[in-house]
Amino acid sequence: AGTTVGPGLVAAANFKTDVKVRGFTLDGMGYLPLGDNKMFELIGTAGVSWSKGEVTLTVPGVGSGSEDESEFGLRLGGGGQININDKLNVRGLVRYQTADFSGVVDNAWIYSLGVNYTF
């Protein structure tokens, strides 16, 4: 009995790993209306991010250890939106965010699809 650790390796103990990632982003957005009715818009985004990752590994009977790291990064992206009316639109975006947590996580792609209502 035990826990599979890698390709075919079995550990005698049940490891417990906790991973937490949190952060903040600040983006600017630019809009390019298409067509005479301006129903469709292309969107470009650029910004910065701050991320913090924490990993804790617990081995029963041995103890636990943890590591944390934080960093600033850049974000670039683009997408488009359809303006349903003056107050409501549907938007899709793809963003690339830099990250380098000690070679464990190398960059991220973020995909979003949403409905926006303006007041």
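Begin by selecting Gly53, which stands opposite Glu69 in S5. The model is predicted: local features require pLDDT of at least 70 and side-chain atom pairs count only at pLDDT 80 or more, whereas totals for chains, interfaces and linings use all residues. Residues are numbered from 1 along each chain as its sequence is written, and side-chain values use heavy atoms, with hydrogens and water left out.

Next, display strand S4 (residues 40-59) with strand S5 (residues 63-83); the two run antiparallel and are joined by 20 bridges. Strands here are DSSP runs (E, at least two residues), numbered from the N terminus, and two of them pair if DSSP finds at least two bridges between them. Select Gly44 to find its bridge partner in S5, Gly78. Then move to the hairpin of S4 and S5, where three residues lie between the strands and Gly61 takes a positive phi near 80°.

Thr17 stands opposite Leu57 in S4. Five residues separate S3 and S4 in their hairpin, and Gly35 in the turn has a positive phi of about 80°.

Finally, centre on Ser49 in strand S4. Ser49 counts as buried because its relative accessibility is 3%, the limit for buried being under 20% relative accessible area (1.4 Å probe, protein chains only). Show the residues in contact with Ser49 (heavy atoms within 4.5 Å): leaving aside neighbours within four places in sequence, they include Phe24, Thr25, Phe72 and Gln97.

Terms used. Helices (H or I, at least four residues) and strands (E, at least two) are DSSP runs, numbered from the N terminus. Buried means under 20% relative accessible area, exposed over 50%, partly exposed in between (1.4 Å probe, protein chains only).
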